[in-house]
Amino acid sequence: MKKLFSFVAAVLCAVSMSAAVDVLTAEVLGAQGSGYADFSGKKATSDAVYAGNCMKNSTSDIQLRYTANNDPSKVKLSGIVTTTSGGKLTAVRISWGTWSGSVQDRTLEIYGSNTAYTDYTDLFDTEKQGTLLGSFNTKTGANSFTVEGDYTYIGIRSQSGALYLKNITIAWDGSELPGEEEPEPEPEPEEMGMVTIAKFLEAKDDFNIYTLTGTVSDIVMDKNDPTQYNVYGNFNITDSTGTLYIYGLLTPEGEAKKFREMDIHEGDVITLKGSYTEWNGEPQIKNAIFVSKSSGETALEAVRSEEKAEKRVVNGQLVIIRNGVMYNAAGTRME
């Protein structure tokens, strides 16, 4: 009976010391959004007990920092350590959090030790911080590594400045890091087909792609050579429902600055594709894709609808007025 008890105890002990993986998040560490604060006695899956100092930022990431200063009262420290071992360190992986525009190039350092850490300040003491096992940089390098050597305690700190981490995954006693979640595929814009300018403006859809047909007018000229169109292709298109500014017309292959080679002129009716954008509150399509064009009488027909267009003779010239816009007999917009 005594032997059976010893055997069961040994099995239970082995199970309790079995390999495990800890995933540290702001929630697991008990971080608060009200500022940096110390924590201790935090556990995940393994037997490791975590302590340190951090905060939870507005996107629920772990936020760490290190601000050095010659004035000790202005030094700002934070970090994460184990005060109880989770076994032998096997591997570490991190997932960066949401970055502010001010964070450009920061490094997270991972230390290993075979002596229990007292608290996170040990990481800033060269005699207590242990061995630098590896590091992660916000701009370059991998997001995981396998620990070389035998270490039973881990320390995590910023090399300098603030860092934001979605999570930190630590594998103990030969455990493998779990597979990373596959990111959801980015949605692809849909082709929404041909619409009127009015429908396009009503939709205000800055993601999907719409096809529009209209008459070209008000082409912007080259500022250095007013006798030529600018190379980008900036102009208005008008259909029976409204007018829209086109800020740049690309070739069907997506090439920019080829507008002069497209042989497009005022009065031409063109078909193009693009998504809704605004500039200074005004709607437009930026970098529309050219599809096709027609000119001459076709342009005239595009602006002439017997029930909506009005013909007049102005200064001895036949003009067509449609939606308050005046065109000559060739279909060219008149000022």
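Q: Which residue's side chain meets that of Asp222 in a salt bridge?
A: This is a predicted model, in which local features need pLDDT of at least 70 and side-chain atom pairs count only at pLDDT 80 or more, while totals for chains, interfaces and linings use all residues. Residues are numbered from 1 along each chain as its sequence is written, and side-chain values use heavy atoms, with hydrogens and water left out. A salt bridge is taken as a side-chain nitrogen of Lys or Arg within 4 Å of a carboxyl oxygen of Asp or Glu. At 2.6 Å, N to O, the side chain that meets Asp222 in this way is that of Arg260.

Q: How many residues apart are Asp222 and Arg260?
A: Strands (E, at least two residues) and helices (H or I, at least four) are DSSP runs, numbered from the N terminus. Asp222 lies in the loop between strand E14 (209–217) and strand E15 (234–239), whereas Arg260 lies in the loop between strand E16 (242–250) and E17. The pair thus links distant parts of the chain, with a separation of 38 residues.

Q: Why does Asp222 count as buried?
A: Buried means under 20% relative accessible area, exposed over 50%, and partly exposed in between, with a 1.4 Å probe and protein chains only. Asp222 counts as buried because its relative accessibility is 17%.

Q: Which residue forms a salt bridge with Lys273?
A: The closest N and O atoms of the pair are 3.6 Å apart, and Lys273 counts as partly exposed because its relative accessibility is 27%. Lys273 belongs to strand E17 (residues 269–274), and its partner, 82 residues apart from it, belongs to strand E13 (residues 191–194). That partner is Glu191.

Q: Are Glu109 and Arg157 buried or exposed?
A: The side chains of Glu109 and Arg157 meet in a salt bridge at 3.5 Å, N to O. Glu109 sits in strand E8 (residues 107–113) and Arg157 in strand E11 (residues 153–158), 48 residues apart. Both of these residues are buried.
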